[in-house]
Amino acid sequence: MSSLVLVLNCGSSSAKFALIDPATARRRVTGLAERVGTTAVSVVVTTDGRSRRLPGVSDPSHRGVICRVMDELTAWLSSQKLFLTAVGHRIAHGGEAFSGPAVLDDAAVEQIRDLGPMAPMHNPAQVMGIQAARELLPQVPHVGVFDTAFHHAIPARASHYAVPREWYRDHGVRRYGFHGTSHSYVSAEAARLLGRNLTTLRLVTAHLGNGCSVTAVRAGRSVDTSMGLTPMEGLVMGTRSGDLDPGVHGYLADRAGLSLAQVTDDLNRRSGLLGLSGVSNDMREVQAAAAAGNPDAALALEVFVYRLAKYVAAFLVPLGGVDAVVFTGGIGENSPPIRAAVIDSLGFLGWRLDEAANTRTVDGVAGVVAVGDRPGSPVGLVVPTDEELVIATEAFRLAQQDPPVGSPVGAALGGRTDTRDHPRDTRPEQESLR
């Protein structure tokens, strides 16, 4: 009898979920809850290509929404005679405690909670999701897959800031990096597309969505990345500023009377494409505004592309050259103009744009959008990411090592939380997960 993995990704006001067969990568059920925590909460579930809004979400909290989702999934699993093997949770920040996926016991959840100040828009909500899911599914192993894990072993010269040593020793201030599941996955996929062994490649992977980051990947391992202690550093993002002079905090405190918390909140929620354009955090809306003649939107696009191209070029230093630059994420996969502008900025690498490939709109296309005009020149690739599959695969792998597994989901609902200790897996993530 087949078994599935539930992948759960909780945000501050949202919850994404999917039932995935890790053996076939098939998504049997997917869903999205939006405006969680408000009376306008909405939960949409998609099964066999048909979407419908769930009625009866009386409790808008994370626990209430997840409970309602579990009711729906329980009924579907029973009707299909399927089992839930594990729950895989996407977790933004694992700090130095988690260098790979981990089974989530009480101690692990507390460590994730303690890391909340390093990812305030992510970890606290993800802890709420973990707690609700563990309470509702106490007999099913819960596994955390961490955005930071792929970057765990970047060299000290890349991970350390030039700050007082006690900041790192006492408070863990260093570069951690994020989007690790995506960077790891598309690196392996790029090697497959190129017909090369991953251990022979030098890649720059660009995950471009509402959050954006670039990673230098050498021989399948992250050697540098653009995000830092928090997900705020690096590229221009949807609402996050990216790189910024830290003196801005003191300057605005003096001149505008803003508190540290207010400045930090503005840099997280009111900056990036939204702050520059004054239009939106959505790249599509910013592009439309720029095309209509909005100068602020046009500037936002210029800054976005410039910062991205500059990081790609800078990462040739830790790599000692580059074999391919990989575009992924919502913007990376779906915005030909952004890819074209970045490739044009990197023409000194010997690139020329394949315009036909760059404008192809077939769903799921993965291919070359830029090719070199001389031997040894790098190529540009579009590789759709699949973070949910990475999470499902790792959750299934660890669940197999930590019985009981394969419990019928119906039997798991309604019991008390399983508080037995689980050994945490601290091995590095696999380089290839497909």
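Guide: Let me begin with residue classes: Ala, Val, Leu, Ile, Met, Phe, Trp, Tyr, Cys and Pro count as nonpolar, Asp, Glu, Lys and Arg as charged, and the others, Gly among them, as polar. The model is a predicted one, in which local features need pLDDT of at least 70 and side-chain atom pairs count only at pLDDT 80 or more, while totals for chains, interfaces and linings use all residues. Residues are numbered from 1 along each chain as its sequence is written, and side-chain values use heavy atoms, with hydrogens and water left out.

Visitor: OK, how many helices and strands are in the chain?

Guide: The chain has 17 helices and 15 strands, where helices (H or I, at least four residues) and strands (E, at least two) are DSSP runs numbered from the N terminus.

Visitor: And what percentage of the residues is buried?

Guide: Of the 434 residues in the chain, 53% are buried; buried means under 20% relative accessible area, exposed means over 50%, and partly exposed lies in between, using a 1.4 Å probe and protein chains only. As for contacts, meaning heavy atoms within 4.5 Å, 66% of those between residues at least 6 apart in sequence join residues at least 24 apart.

Visitor: Which residues touch the most other members of the largest nonpolar core?

Guide: That core has 41 residues, and V204, L208, V214, F304, L308 and I338 are the ones touching the most other members. A nonpolar core here is a set of buried Ala, Val, Leu, Ile, Met, Phe, Trp, Tyr and Cys residues joined through side-chain atoms within 4.5 Å. Among the elements that each supply at least two residues of this core are β9 (202–208), β10 (212–218), α11 (295–314) and α14 (336–345), and α11 gives the most, with nine residues.

Visitor: You mentioned F304; what does F304 touch?

Guide: Leaving aside residues up to four places away in sequence, F304 touches L208, C212, V236, L273, M283, I331 and I338.

Visitor: New topic: how many cavities does a search of the whole structure find?

Guide: The search finds three cavities of 30 Å³ or more. On a 1 Å grid over the protein atoms alone, a cavity is a set of points where a 1.4 Å probe fits but cannot get out, and a pocket is an open set with protein on both sides within 12 Å along at least five of seven lines; lining residues have an atom within 4 Å of a point. Grid points are joined across faces, edges and corners, and a volume is the space filled by probe spheres set on the points.

Visitor: What lines the second largest cavity?

Guide: This cavity, with a volume of about 50 Å³, is lined by L6, L8, A15, F17, A33, V65, I66, V69, M70 and L73. The lining divides into ten nonpolar residues, no polar and no charged, and its largest share, five residues, comes from α1.

Visitor: What about the second largest pocket, what is its volume?

Guide: Its volume is about 870 Å³, and among its 28 lining residues L229, T230, M232, P246 and H249 lie nearest the centre. Helix α8 (residues 260–269) contributes the largest share of that lining, six residues, and by class the lining has 15 nonpolar, eight polar and five charged residues.

Visitor: Why is T215 called buried?

Guide: T215, which is found in strand β10, is called buried because its relative accessible area is 0%. Its C-alpha atom is separated by 8.8 Å from that of H151, 64 residues apart along the chain.

Visitor: And where is D48?

Guide: D48 is in the loop between β4 (42–47) and β5 (50–53), and D48 is exposed, with a relative accessible area of 53%. Its phi is near 55 degrees, a positive value in a residue other than glycine.
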